Structures are given as structure tokens and as C-alpha cells.
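Work through the following exercises with the sequence and the coordinates side by side.

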Amino acid sequence: MRGLQLPLSQTQRTRLQRAFEKLQSLSSKANSDASVTVADTIPVNYEDAFLKGHGTTELNGELVATVCGVVERINKLVYVRGLRARYKPEVGDIVVGRVVEVAQKRWRLEINFSQDAILMLSSMNMPDGIQRRRTALDELNMRSIFEENDVVCAEVRNFQHDGSLQLQARSQKYGKLEKGQLLIIDPYLVKKSKSHFHHLEQFGIDLILGRNGFIWVGEHVETRDSMVVDKPNSSEQSMVLEERNQTHTPLEMRQNICRVANAVRVLSTLGFSMDADLIMETVELSSSLKIDIHDMLGSEFHVLVAEREAERRSLMGKRRR
Amino acid sequence: MVGLSVGEKHFIQGGISQDLRLDCRKRLTYRPIYVETGIIPQAHGSARVRLGATDVIASVKAELGKPNALQPDKGKIAIFVDCSPTAAPMFEGRGGEELSTELSVALERCILGGKSGAGAGIDPTSLVVVEGKVCWDLYVDGLVISSDGNLLDALAAAIKAALSNTGIPKVDVAAEMTGDEQPEVNISDEEFLQFDTSGIPVIVTLTKVGKQYIVDATSEEESQMTSAVSVSVNRKGHLINKLDSEIAAAEASEEE
């Protein structure tokens, strides 16, 4: 584990150590053998033909790792997958990004990838919902949809030939995210799952787990069907803008948002994969133990979460057997 | 500094007005502070202070020098802050110079007192070896490694911790001192004198966002501030200085 920047007392340190050891023993054997650091030799059967992938190099007739990570083997390809690398996009991934530039007919978003992702104007639903050709007037009004520094949720559409990423936000569930906070964690902690949009009903909060490590926690926004007639919407929108300037998020919802955000922070410090269920369990653990929201970032809660996770995984393992 | 969308800014301001900030602190709660001393063995004293994601290092180096002709019974202390480019991309090259100068001046005023020496945290007369001829020059250097708001408080804490960790080597002076000759001095390798740091003040910065004041702002909250006041207080509770800090206010207005 990366050195935890937490002041731990001796008992807390031993408890944490024990929890981590338990977790390591529970993780599958194959994986633990496959982790390598720089200059480790990768165990390969040299008689078979194999392809040297990323993160490997041949040195003195041996295959040696050049990055710290896990060895992956796919058919004949052997490569090392680095852990704390930048986000590696796949088509269909849901990502949360921040607009850095409004360019001609497109927006550039920063998504913790080696390049900025592009969201074309044509890949975005028009505010009036009509499917039509984008005119020059639409281009000039791009800023009314997304401005610089806006937080946007979108889906990976495809890769361009030069390696850059194209996004699309055609469905109503994608779009601008407001009334909440953005958390940044390591991308490898968010695994691909069935749904990345979670509506936590009992709190009235939206939780979006972007695969690029950007997590959005905010007030729940009703996704409206764009096919519904839109005249009443436009007056509603202008009213919403004025209201927004006056009303703030209610205190209870804000407390819930903070609790969920702190749960995400704790899990990312401990290096556990993000999962809506796990986050909910952590939140419930904190409220059942009556831990003050701010104390969730203290060392005691970190130790409790680690112990709880070790217990949960050992129970799951026993159930399987 | 990463930009913030209108919705996020509104959320931050709402949180502060409702006494529940982004990381669930109250308005007047500090982030957990971690202090490590003695991290630079080559320096006479050093300390590292972490305040959330803000990370600063202070080091103290003492050298023998000649006292100022106008103040022969006092040693010299210089405080200098450097904002490293690793803290923020805008600090690259000469970008961090303005902020560094402001922080250095502010810290000098707080710790060394005014022009007449009133309100000094360290007594410069304790640094003199031979009056008029030899004195200790203290060079206090602050380095900002990572910036997430509230640099002044963190630096003041780091300097206080570094000075408490400082050991000035004991000096033996040769007996004869005739006229203008430089006396021979023998710097001891084993015996050290500790500093009395009880007089060094602590700085608390209050940032105004909307209608409320918060303590220990993160860089996102600092981008929303309208003004800030830094107060340095010493052990006796005396307010040494009130600095109307324009440091981050200037930064905030630059972004707009």
C-alpha cells in the first residue's frame, strides 16, 4: 500500500496491518504472483512464440518489466499493465470531464487521459430537443450549452485515427452537472460495471462513477424525456436560473452529499475499488456508529473501514466454498 | 489551479453559508495538521508541515557573519520563501515570484517585527557572538511543494517548528581582540544551543466568502473569496500584525 498519510496510533497501525494482510491472503493467488516491479523478470515459456507488449523489454535474452504493475496475458501477448497510469479509455465507457475549451463545432474536455477528449456539437442533444442539422447559429450559441470549466458527463464514442477520443452525450442522462462536487481519484479504482449512474434514493443524491476517476456527487436531477413538448420548459429554465441564484442546496442534502463524498475519499485512500454498494455500506457504517461527518476522514474510521472490508471479503469467500 | 464551473462555485458558496464546507468542515475548523521536524540533516533546523494537500518545508541555516554597523549588538535573520513549480504550473519560471515576495515580506514582518524591532518573535541580540565583530546570520528558507490554499498559515507553522528544531553550534572565542582584527572563533561540533521559540507568533488567515469568514481555505474556496485577513498572534495573545492580505485576492481577481 502506498504510505498512508494518516497519524495512526500503535494499536491502529497493527489493526490496519492485520486487515491488509487478511485482504491480501484473500485475493486470488494468480494475481499476487503476477505483480511485478521495474526490472523484474517476467516468467514466460521461451519456447512458445509470444509477443512482447507494453511495459516489457528484452534484456540479456530475458523478458523484463519496465513499469510496476500486473502482468497480463492475452493469447500470445504478454504485457504489463501499470496501476497508477492515466485513464485507458474503452468504447462505451462513461466518463466525467471538465470543459477546457470551446472550439469550432466542438468542446474539448479534460478527462485525465493523455489528450483532451472531443465532444462534437453534433453529438450533443440540442436544448429544444429537436433532431436537426446544426446551423451556424447553433455554433455561435455553443456557450449557452457548455461553457469553460463546466463539468460534463458523457460516453466514449470512438477513437480518432490520431489517437484522440471522441465523446457523445446523446441521452438525457448525460450532460452538464451542477449542484454538487467533483472528486478525483485514481482511474484503476473504478471498474467497469453494469451501471455507473447511481441514484441514492434515501438521500436524493446522484452518484456518477466516471471510469476516468472523476466521481460526481450531487443533488438528484430528474432526467426529462426530450420528446416532451418544450414550450413550458423554456420558461421553467429561466425561472430555474433565477431560483438558483437565490436558493442553495438544503442542509440535510448537503450533509448527505458530504457523507458520500467523504466515503469515496476514505475508500480511495485505502485503495479499494469503487462500487456503489461499497460506498453505501461505508456511509451506513459511519451513520450507524454516529461518526461525525468530519471525523470520517480521521484515522479511526479508515481502520474501521479496512477491517469491515476484510471481514466482508472473507465472508464472501466462505460463502462461495 | 483547475477552474470551477458556475454550479460548483454556487455549491461552495452555499456550503460556506450553511457552515458545511466541501470536505464537511465547519467554517472555523482547520484541516488536520501534520508536522515533522528534522527532515533535512544538513540544515541546522528544518520542518515540514502538511495542511491537507498543502505541503511546505522550512529550513534554517546559520552562518557566522559580521553584524550591521548600525546595530552591532544584533544578529541578522533573513526569511525567504520560494514557490516551487511542482506546487502549481503557474509557478514555473518567474510566475511564482510575486507570491513568493509577498509571503516573504509578510512572514518577515510577523516574525521579525517592525522596522524598530518591536514585536519581534526572535530576539536578535541572542545571535551575537562578539559585539560589533561576529554574529550569527540566520537564513530561514521556506519551500512550497504543494499548494492547496492557506500557504501563509502553513509557512508560519513550518518556520516556528523549524526554529524550535534549530541547534546553533556553540562558539568559543579566542581571548585576544585588538582593534579591528577578526577574533578567532572555534565552532563546536558537539554542543548546540536551542532556540527559545516561545515568542514566535502563529498566523491565522480568515478568508471572506460571501458574508462569512472561514479559516484554512482550500484553493477552491480561495478562488471564491473577496478578501482575506491574516492575523499573527504570539503566546501572550498579543496581536502582532494585521495583514490585509491581498495575495490571494489578487490571484482571484486575475482569474476573472
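B:D216 is buried, and B:R31 is buried as well, where buried stands for a relative accessible area under 20%, exposed for over 50%, and partly exposed for what lies in between (1.4 Å probe, protein chains only). The model is a predicted one, in which local features need pLDDT of at least 70 and side-chain atom pairs count only at pLDDT 80 or more, whereas totals for chains, interfaces and linings use all residues. Residues are numbered from 1 along each chain as its sequence is written, chains are lettered from A in the order in which they are written, and side-chain values use heavy atoms, with hydrogens and water left out.

**Exercise 1. Determine which salt bridges B:D216 forms with B:R25 and B:R31, and where these residues lie in chain B.**

Step 1. A salt bridge requires a side-chain nitrogen of Lys or Arg within 4 Å of a carboxyl oxygen of Asp or Glu. For B:R25 and B:D216 the closest N and O atoms are 3.3 Å apart.

Step 2. B:R25 sits in the loop between α1 (6-17) and β1 (33-37) of chain B, and B:D216 in the loop between β10 (212-215) and α4 (219-222), so this pair ties together parts that are 191 residues apart in sequence. Here helices (H or I, at least four residues) and strands (E, at least two) are DSSP runs, numbered from the N terminus. B:R25 and B:D216 are both buried.

Step 3. The side chains of B:D216 and B:R31 also meet in a salt bridge, at 2.9 Å from N to O. That pair likewise links distant parts of the chain, 185 residues apart, with B:R31 in the loop between α1 and β1 of chain B.

**Exercise 2. Is each partner of the salt bridge between B:R48 and B:D55 buried or partly exposed?**

Step 1. The side chains of B:R48 and B:D55 meet at 2.6 Å, N to O.

Step 2. B:R48 counts as partly exposed because its relative accessibility is 23%, while B:D55, with a relative accessible area of 8%, is buried.

Step 3. Elsewhere, salt bridges that share partners join B:D23, B:R25, B:R31, B:D148 and B:D216 into one network. Over all chains the count comes to 26 salt bridges.

**Exercise 3. Describe the interface between chain A and chain B by its contacts, its buried area and its salt bridge.**

Step 1. With contact taken as heavy atoms within 4.5 Å, 31 residues of chain A are in contact with 24 residues of chain B.

Step 2. Buried area is the accessible area (1.4 Å probe) that two parts lose on being put together, summed over both. Between chain A and chain B about 2100 Å² is buried, of which carbon and sulfur atoms give 58%. A:H248, A:R254 and A:H294 supply 28% of the area that chain A buries against chain B, more than any other three residues.

Step 3. The count between the two chains is 1 salt bridge, and the side chains of A:R98 and B:E8 meet in a salt bridge at 2.8 Å, N to O.
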